[in-house]
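These are my notebook entries on one protein chain. I went through the sheet, the cores, a pocket and a few single residues in turn.

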Amino acid sequence: MSTILYYSPNYIRPIVPLCLVNYFNANVTTVDMATEQEKFSKEFPLKKCPALIDNEQGIYLTEIIAICNYIIKTFAKETNEVKKLLVDYIGPLIGLIPYEAMAHEKARKDFEAVLQIYEDRLKNHNFLVSDHITLADLSSVSCFYLGFTFAFDQNWSKQYPNITRWYKEITKSQYVISFFSDKQQAKAFSQPPQ
């Protein structure tokens with residue numbers, strides 16, 4: 001038993017981590033904390049539930065968001081499709097990964113399909129999933145950072161005005177301005193190496 005997720009059917013906080021374990025078919029042993037009370041109390045003296053332990057890496061987590069992030073990052077086949085598509089598309093243009101014309105063209109087409117989903121959603125909504133900034137906006141804006149910094153110039157912004165408006169609004173929010181305050185939008189779209 002390398003990774004164990006302690007839960008209780010009497011609490012609501014473990015619901016999402018349990019669902020993620022099931023969804024990703026994760027190699028995680030789920031244990032009702034009441035059935036292993038002594039062991040649970042020894043490993044987690046605060047007795048907070050849910051709790052996750054990765055014995056191989058010596059990781060102990062008791063915060064629900066940290067547990068969910070751990071499960072996603074460890075067991076999801078693709079932790080962030082937008083980020084991967086963006087790196088595959090922009091990465092070769094800035095020397096992050098090797099340029100290969102056919103792979104780059106496929107990445108461009110795939111990424112443009114995802115961009116259209118964002119653009120359409122943001123056409124009638126200020127934010128991705130609610131009427132206020134959520135973790136979805138903060139996570140997504142960090143994925144778009146690479147593009148806006150190295151590739152998405154003013155011409156690109158004219159093609160995707162809703163994404164641009166949303167990106168500017170989120171990056172000026174109190175949650176992430178400490179990182180984004182001195183960042184500038186790309187002056188010109190990066191071109192493939194010749």
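Helices (H or I, at least four residues) and strands (E, at least two) are DSSP runs, numbered from the N terminus.

I worked on a predicted model, in which local features need pLDDT of at least 70 and side-chain atom pairs count only at pLDDT 80 or more, while totals for chains, interfaces and linings use all residues. Residues are numbered from 1 along each chain as its sequence is written, and side-chain values use heavy atoms, with hydrogens and water left out.

**Entry 1. The sheet**

I looked up β1 and β2 and found them paired in the parallel sense over four bridges. In that pair, Leu-5 stands opposite Thr-30 of β2. I then checked β1 (residues 3-7) against β3 (residues 51-54): these two are antiparallel, also with four bridges. Here Thr-3 has Asp-54 of β3 opposite.

For the whole sheet I noted four strands in the order β2-β1-β3-β4, open and with mixed pairing. β2 (29-32) and β4 (59-61) are the edge strands, each pairing on one side only. From one strand to the next, the twist averages 15°.

**Entry 2. Cover on β1**

Is β1 mostly covered or mostly open? I found five of its five residues buried, so it is mostly covered; buried means under 20% relative accessible area, exposed over 50%, and partly exposed in between (1.4 Å probe, protein chains only). In a regular strand the side chains alternate between the two faces of the sheet. In β1, Thr-3, Leu-5 and Tyr-7 are on one side and Ile-4 and Tyr-6 on the other, and both faces are covered.

I next looked for helices on the sheet. For the angles, axes are lines fitted to C-alpha atoms, for helices over the stretch in contact, and angles run from 0 to 180 degrees between N-to-C directions; contact means heavy atoms within 4.5 Å. Helix α1 (residues 15-23) lies across β1 and β2, at about 140° to β1. Helix α3 (residues 64-75) lies across β1, β3 and β4, and its angle to β3 is about 40°.

**Entry 3. Nonpolar cores**

I took a nonpolar core as a set of buried Ala, Val, Leu, Ile, Met, Phe, Trp, Tyr and Cys residues joined through side-chain atoms within 4.5 Å. The largest has 28 residues, and Ile-90, Phe-111, Phe-144, Phe-152, Ile-163 and Trp-166 have the most contacts inside it. At least two residues each come from α4 (81-90), α5 (101-123), α6 (135-150) and α8 (161-171). The top contributor is α5, with six residues. Another core, of 15 residues, lies apart from it and includes Leu-5, Tyr-7, Leu-18 and Tyr-70.

His-104 is in helix α5. I found His-104 buried, at a relative accessible area of 7%. Leaving out residues up to four places away in sequence, His-104 touches Asp-88, Tyr-89, Pro-92, Leu-93 and Tyr-99.

Asp-153 is in the loop between α6 and α7 (154-159). Asp-153 is buried as well, at 8% relative accessible area. What does Asp-153 touch, not counting residues up to four places away in sequence? I listed Gln-185, Ala-186, Lys-187, Ala-188 and Phe-189.

**Entry 4. Second largest pocket**

I used a 1 Å grid over the protein atoms alone: a pocket is an open set of points where a 1.4 Å probe fits, with protein on both sides within 12 Å along at least five of seven lines, and lining residues have an atom within 4 Å of a point. Grid points are joined across faces, edges and corners, and a volume is the space filled by probe spheres set on the points.

The second largest pocket has a volume of about 270 Å³. Its lining includes Phe-148, Tyr-167, Lys-168, Phe-180 and Gln-184. Two or more lining residues come from each of α6, α8 and α9 (177-180). α8 gives the most, with three residues.

**Entry 5. Backbone details**

I noted a cis peptide bond between Cys-49 and Pro-50, with omega about 10°. Pro-50 is in the loop between α2 (37-43) and β3. Lys-47 lies in the loop between α2 and β3 and has a positive phi, near 55°, although not a glycine. Lys-47 is partly exposed, at 46%.

Asn-25, in the loop between α1 and β2, is another residue other than glycine with positive phi, near 50°. Asn-25 counts as exposed at 69% relative accessibility.

Terms used: Two strands pair if DSSP finds at least two bridges between them.
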